[in-house]
Amino acid sequence: MKKWLPGILLAAAFLTSLYVGATQIDNFWSALVNPGSNEILWQIRFPRVTAAVIVGAALGVAGLLAQGACNNAVAEPAILGTAAGASFGAVLAISSGVVQVGSLGAIASGTVGALLTTALTFRLASIRGSLSSFTLIIVGIAISAIFTSFVGIASAMASRSDARSISFWSLGSLALITADNLIGVAITTVIGIAIAYLIAPSLDRLSLGDSTAFHLGVNVSRIRLIALIALSVLAGGAVSTVGSIAFIGLAAPHIARFIYGPSHRLLVAHSAIIGGLIVVVADTLSRTIAQPNELPIGLATALLGAPVLIALVAFKNNVWRTQ
Amino acid sequence: MITIDEITIVRDGREIIYDYSEQIPAGSITVIVGPNGCGKSTLLAAIAGDIAPDKGTITIDEMHPILTPASALASIRAMAVQNQSFTLGFTVREIVEMGGPSEDVLQALGLTEIADRLVTTLSGGESQRVAIAQAIAQKTPVLLLDEPLAGAGPEETEKLITLLRGLKSRYAVLLVEHDMQAVFALADRISVLAEGRIIASGSTADIRLSAEVRAAYLGEEEVPC
């Protein structure tokens, strides 16, 4: 039962999210089994809820890769500057008129931004020699703050409406998702998850420290680079499409680890499912609790994810020993 | 066979290892002893391929560790580091299986009873045994062990000595160890390092009789028999 629970909950949340909203859908079950029969269900809600699953999966696995590659319990795209870099890359390309929101171009720009800022975080954190968790986190927070400011400045200066608002880039929204701009984020998510699955056994060995991982046959710098690229592709695709959504990258892998243990092969699938579940629930809450207004989804994910994280840390567990 | 040919390792402008040569044949146990900070662990790290010597060469079965890809190197040498820490809650069995098939090794090291325990709950001595088991499970011709008896009680020490002696027919074993009683029980050959230089090298009988070793390392203590 434990094995299937998040999947069952995700399916239930998916259906609930399709059903719930400002407009009542008549004959819901009939409309559901007849694709295209109801415009609100099939043109608006279905792409949106599907996007929630994909984005949640992408951010959950991106967080898992960040934690595994850094061997650090609090690493995640937002902490490493990856999410802010993805926002900056996307907002710069969109506001300069080079690409459209949700296009493959915007996703590519976001991915490049994510990759560059993550690389910058790693470079600056190791400038005085070996890479420590402490310096990585401090530098990551600083890089994140700098690029979040750049995003604010760039979006305020942008004349194009589709450069979105600072609220979109810092708190996220799935409101403008369409079936068309789902394809790009679906592609980057599948690529990133496939890479994560392939390098998962090496991430298991990396948890024993760089030296022991090397003794076991892991090319540590290469695996770390591959993980960095994969997490940038995942976070870049998600953030450039729906903005930054907090806590998924941190909470989803920890919840998955708490339930299923530390094996990264298992965690790739379960972090994706739990990430998807949190975002679907958060999106449903964000568009229903303050009707007719819609809250930024980042507010709901923070409210859902943060207490779970506090609970995991507060209760003694041996899944991730931090001291 | 490990061949170390006149290597020098410099760190922060200081010669940690100077002009060191040694041949460690298959089917033998060689132990490096010496005071803290004399370069023993650095030497082991260089042989494992973690660091490159500044001068000289190291080969393991004709392969240069520093030039060999990590995956290929893992099939010719295994190493158990000192004070292995575990951050993720894998079971003992899962950790050993990262090296290779686990059942025989778990049994040989007396780990069967704790095979399903999380490594994050182990004592220092148990963690050390798990690290050794993982290295042995790699089934490589060369086994490098950094203070394998650290944290072990008298009974565990005796078991590990018996196990390591049993392994030597299949491996070239090189280890760094402080426990001189265990060193004399284990070693076919002992090298004594002081300030990065070999001050004596030979059989256990040679080392026991070496006045230089007594003066530099063992002090006035009687060498255990």
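Reader: What is the mean pLDDT of chain B?
Author: This is a predicted model. The mean pLDDT of chain B is 87. In that chain, 96% of the residues reach 70 or more.

Reader: Where in chain B is the pLDDT below 50?
Author: Over residues 220-225 of chain B. Beyond near neighbours in sequence, that stretch has 6 contacts in the model. Where pLDDT is low, the predicted coordinates should not be read in detail.

Reader: And what does the model score for ipTM and pTM?
Author: The ipTM is 0.91 and the pTM is 0.90.

Reader: How far is A:Asp180 from A:Pro47?
Author: In sequence, 133 residues. In space, A:Asp180 and A:Pro47 are 8.9 Å apart, C-alpha to C-alpha.

Reader: New topic: H10 of chain A. What does it reach from first C-alpha to last?
Author: Helix H10 (residues 220-242) of chain A reaches 33 Å. It has 23 residues, and the span is close to the 33 Å expected at 1.5 Å a residue.

Reader: How many of the residues of H10(A) are buried?
Author: 17 of the 23, so H10(A) is largely enclosed by the rest of the structure.

Reader: What follows H10(A)?
Author: A:Gly243 does, and its phi is positive, near 80 degrees.

Reader: Now strands. What is the order in the open sheet of 3 strands in chain B?
Author: The order is E2-E1-E4, and the pairing is antiparallel. The edge strands are E2 (14-24) and E4 (55-60) of chain B, and each pairs on one side only. Neighbouring strands of this sheet are turned by 25 degrees against each other on average, direction ignored.

Reader: Over how many bridges do E1 and E4(B) pair?
Author: Strand E1 (residues 2-11) of chain B pairs with E4(B) over 5 bridges. B:Thr3 stands opposite B:Thr59 in E4(B).

Reader: And strand E7 of chain B: how many of its residues are buried?
Author: 5 of its 5 residues are buried in E7 (residues 172-176) of chain B, which is mostly covered.

Reader: Which ones point which way?
Author: B:Ala172, B:Leu174 and B:Val176 point one way from E7(B), and B:Val173 and B:Leu175 the other way. In a regular strand the side chains alternate between the two faces of the sheet.

Reader: Which strand does E7(B) pair with in the parallel sense?
Author: One of its partners is strand E3 (residues 28-33) of chain B, over 5 bridges. B:Ile32 stands opposite B:Val176 there. Strand E6 (residues 142-146) of chain B also runs parallel to E7(B), joined by 5 bridges. B:Leu144 has B:Leu174 in E7(B) as its bridge partner.

How values were computed: Residues numbered from 1 in each chain as written. Chains lettered and ligands numbered in written order. Pairing = 2+ DSSP bridges. Helix = DSSP H or I, 4+ residues; strand = E, 2+ residues; numbered from the N terminus. Axes fitted to C-alpha atoms, helices over the stretch in contact; angles between N-to-C directions. Expected span 1.5 Å × (residues − 1). Buried ≥ 20, exposed ≤ 12 C-beta atoms within 10 Å, placed from the backbone. pLDDT = per-residue confidence, 0-100. Contact = placed C-beta atoms within 7 Å.
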